[in-house]
Amino acid sequence: GAARLSVARGGREQAGRELGLAIGAPIDTVTDVIDVLRAPVERGMATDSLTEQVTRTLASRRPDVSASAARSRAAVGIDRARRLEYLPRVAAIGEYQALGVTTATLPAVYRVGVQASIPLVDGFSRTRRASLDAERVRLATALADEVALRATREIEGARVELRRAEATLDVADSRLALALEELEQARRRVRVGVGTTLETTQAIAAVAAARDEVIGVRLRYQLARVEWHRATATLDALR
């Protein structure tokens, strides 16, 4: 018994470390074990349908989407700055001089002008740079669109899986309640002398199977919750 208890405690600690590693929790995070058959289930996180605007808003919170969008904006900014090199450059010139032999009779000389330069030929390097910038903009924009599309698909898939897990959990809870009711009826029949112990044994086995099903379904539901929070970049709100 002591050996099995030690093995069970070791497995619990290992599972806690693996859980912390999976969700990115600090190394000193302490995990706790709860009764999954009685623990409350948070429902309604994923609605039946998400509008396109809401999905885009959820996707924009993800680090990969925001990073790809930032790279796309940076590429566009560089391309716009490069295009400004084609504009003429205008400079104002102002000069004041005083010439003469004596300081009392120094004539003042003013010179004011405007200088404009137009870029014409620079070895065609500006054209090559502009072509490279345009290609970078195209690639960055395509990558940002692809990342955003993948994020929205992951969010929609996580929503569907979470709704499916909730529905499956309802079915499993109903089966467990029905099995417990059948067990109670079998025990009452035995007490009044109209039933057999075989019926009670079969009812107990059905309850055990129903409990195992609820445990498995709740595990899948919790995994679906984690995937939903991961897809929507809200793992900090996971409890």
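Predicted model: local features only at pLDDT ≥ 70, side-chain atom pairs only at ≥ 80, totals over all residues.
Residues are numbered from 1 along each chain as its sequence is written, and side-chain values use heavy atoms, with hydrogens and water left out.

The chain contains five helices and two strands. Helices (H or I, at least four residues) and strands (E, at least two) are DSSP runs, numbered from the N terminus. In sequence order the elements follow the pattern α-α-α-β-β-α-α. Of the 239 residues in the chain, 22% are buried; buried means under 20% relative accessible area, exposed means over 50%, and partly exposed lies in between (1.4 Å probe, protein chains only). The accessible surface of the chain is about 16,900 Å², and carbon and sulfur atoms hold 60% of this surface. Such areas come from the Shrake-Rupley method with a 1.4 Å probe, and for residues only the protein chains shown count as cover. Among contacts with a separation of 6 or more, 70% are between residues 24 or more positions apart; a contact means heavy atoms within 4.5 Å.

Next comes the interior. In soluble globular proteins, nonpolar side chains tend to be buried together. A nonpolar core is here a set of buried Ala, Val, Leu, Ile, Met, Phe, Trp, Tyr and Cys residues joined through side-chain atoms within 4.5 Å. The largest nonpolar core in this chain has 24 residues, and those with the most contacts inside it are Ile155, Leu162, Leu176, Val207, Tyr221 and Trp228. At least two residues of this core come from each of α2 (52–60), α4 (125–192) and α5 (197–231). The greatest contribution is that of α4, with twelve residues.

The charged side chains form 14 salt bridges, where a salt bridge is a side-chain nitrogen of Lys or Arg within 4 Å of a carboxyl oxygen of Asp or Glu. Two of them lie along α4. Glu135 and Arg138 meet at 2.6 Å, N to O; because they are three residues apart in helix α4, about one helical turn separates them. Both ends are partly exposed, Glu135 at 34% relative accessibility and Arg138 at 48%. Glu161 and Arg164 form a salt bridge with their closest N and O atoms 2.5 Å apart, and this pair too is three residues apart in helix α4, so about one helical turn lies between them. Glu161 is partly exposed at 38% relative accessibility, as is Arg164 at 46%.

A further salt bridge joins Glu199 and Arg189, with 3.1 Å between the closest N and O atoms. Glu199 lies in helix α5 and Arg189 in helix α4, so the pair ties together parts that are ten residues apart in sequence. Glu199 has a relative accessible area of 30% and is partly exposed; Arg189 is partly exposed at 31%. Elsewhere, a network of salt bridges links Arg62, Asp64, Glu154, Glu227 and Arg230.

Thr232 sits in the segment after α5 and is buried, with a relative accessible area of 2%. Its side chain reaches the backbone oxygen of Trp228 at 2.8 Å. Apart from neighbours within four places in sequence, Thr232 is in contact with Leu58, Arg61 and Ile155. Ile155 and Trp228 are among the core residues with the most contacts inside the core.

Note on methods: Polar contact = N/O pair within 3.5 Å; in protein donor to acceptor, adjacent residues only side chain to side chain.
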